[in-house]
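Please open the structure in your viewer and keep the selection tool at hand. The stops below proceed from one selection to the next.

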Amino acid sequence: LLDALADQAAVAIERVQLVADVDRAKLAAEADRLRSALLTSISHDLKTPLSAIMGAAGTLKEFAPDLPEQDRAELLSTVIDESERLNRFIANLLDMTKIESGAMEPNYALHYVGDVVGTALNRARKITGEHKIEVDIPPDLPMLKLDPVLFEQVLFNLLDNASKYSPPGSTVRVQGWADNGSVMVQIMDEGPGIPAQDLERVFDTFYRVRKGDQVRAGTGLGLSICRGFVESMGGTISAANRTDRPGAAFTITMPVPTEAPDIDNRGEET
Ligand code: ADP
């Protein structure tokens with residue numbers, strides 16, 4: 001009987017191994033597929049701005065003396081804008097690698113979130129120039145323990161998206177509030193919003209909702225970086241659609257550190 005059981009066990013183990021091998025093969029194939037999809041996407045994102053830069057620079061080199069001033073200025077703008085886009089993409093890729101390798105080490109200090117929002121808005125001014133920006137961050141919010149560089153980058157990416165995906169002239173709202181031991185910062189726009197089934201997937205690396213979004217300057221990296229950064233600081237980030245009108249609403253939730261001094265100190269500090 002023991003021998004029979006041992007035989008059966010051996011057969012069962014063999015079968016499990018067989019299944020495991022098949023799964024491993026499937027996983028490896030899936031990883032390969034993903035890797036080549038990523039490479040295609042990265043190459044596309046690098047090539048598009050590079051072709052534009054090369055085209056504009058080539059035209060300038062060949063025809064500059066004969067071109068009207070306005071055409072020259074436009075070609076130069078293309079070179080500058082597309083270089084900025086390349087630069088952003090590469091910076092995003094590097095951030096992503098840092099998050100994935102676990103090398104992300106936040107540099108914590110206590111900050112008023114309104115101050116960080118102010119810096120991010122300043123930095124994003126060029127991008128948000130065609131939008132009205134409404135900021136409502138009460139000055140009496142508790143201080144947060146955060147890395148201002150990372151937090152600013154998160155806000156910057158959200159402001160960038162809000163203006164990219166909503167019509168010029170519309171309003172982007174940034175509001176903050178405290179509730180239940182957390183501080184929330186929300187960025188809302190007046191664009192088309194995000195289909196319900198994509199609300200969670202927009203945080204996936206390289207995920208983009210609409211085919212048409214491919215033609216907009218974007219990488220599908222911004223939101224996954226946001227999530228990586230926010231989580232590395234102990235917070236969460238979520239996407240929703242506005243309830244009062246069409247538009248997307250992204251909410252960052254950060255825990256209020258227990259040792260945070262309360263707002264009454266603010267006046268003495270400044
Ligand atoms: P991208 O570089 O494509 O903007 P993100 O990771 O920042 O990459 O965003 C992923 C996708 O989520 C975008 O391609 C877009 O389809 C969608 N998305 C992000 N923000 C918004 C928004 N404010 N309104 C509508 N769609 C958005």
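A residue is called buried when its relative accessible area is under 20%, and exposed when that area is over 50%. Select Asp-160 with this cut-off in mind: its relative accessibility is 9%, so Asp-160 counts as buried. The model on display is a predicted one.

**Asp-160 and its surroundings**

Asp-160 is found in helix 5. Display its contacts, setting aside neighbours within four places in sequence: the partners of Asp-160 are Arg-88 and Ile-127.

**The largest nonpolar core**

Next, select Phe-151, Leu-155, Leu-158, Phe-250 and Ile-252, the residues with the most contacts inside the largest nonpolar core, which has 45 residues. Helix 5 supplies the largest share of this core, 8 residues.

Centre the view on Leu-155. Not counting residues up to four places away in sequence, Leu-155 touches Val-116, Val-117, Ala-120, Val-185, Ile-187 and Ile-252.

**Val-116**

Move to Val-116, in helix 3, which spans residues 113-123. Is Val-116 buried or exposed? Its relative accessible area is 4%, so Val-116 is buried. Beyond its neighbours within four places in sequence, Val-116 is in contact with His-111, Leu-146, Pro-148, Phe-151, Glu-152 and Leu-155. Then draw a C-alpha to C-alpha distance from Val-116 to Asp-147: the two lie 31 residues apart in sequence and 9.8 Å apart in space.

**Helix 6**

Select residues 222-232, which form helix 6; of its 11 residues, 9 are buried. Those buried residues are Gly-222, Leu-223, Ser-224, Ile-225, Cys-226, Arg-227, Gly-228, Phe-229 and Val-230. Against which elements do they pack? Show helix 2 (69-100), helix 5 (148-164), strand 6 (236-241) and strand 7 (248-255), against which the buried residues of helix 6 pack. After helix 6 comes Gly-234, whose phi is positive, near 85°.

For the last stop, select Leu-1, Leu-2 and Leu-5, which make a nonpolar surface patch of about 400 Å². Leu-5 belongs to helix 1, residues 2-63. With a relative accessible area of 47%, Leu-5 is partly exposed, whereas Val-116, at 4%, is buried.

Notes: Residues are numbered from 1 along each chain as its sequence is written. This is a predicted model: local features need pLDDT of at least 70, side-chain atom pairs count only at pLDDT 80 or more; totals for chains, interfaces and linings use all residues. Side-chain values use heavy atoms; hydrogens and water are left out. Buried means under 20% relative accessible area, exposed over 50%, partly exposed in between (1.4 Å probe, protein chains only). Helices (H or I, at least four residues) and strands (E, at least two) are DSSP runs, numbered from the N terminus. Contact means heavy atoms within 4.5 Å. A nonpolar core is a set of buried Ala, Val, Leu, Ile, Met, Phe, Trp, Tyr and Cys residues joined through side-chain atoms within 4.5 Å. Patches are made of residues with over 30% relative accessible area and no salt bridge: like charges are joined within 9 Å, nonpolar side chains (Val, Leu, Ile, Met, Phe, Trp, Tyr) within 5 Å. Accessible areas come from the Shrake-Rupley method with a 1.4 Å probe; for residues, only the protein chains shown count as cover. A salt bridge is a side-chain nitrogen of Lys or Arg within 4 Å of a carboxyl oxygen of Asp or Glu.
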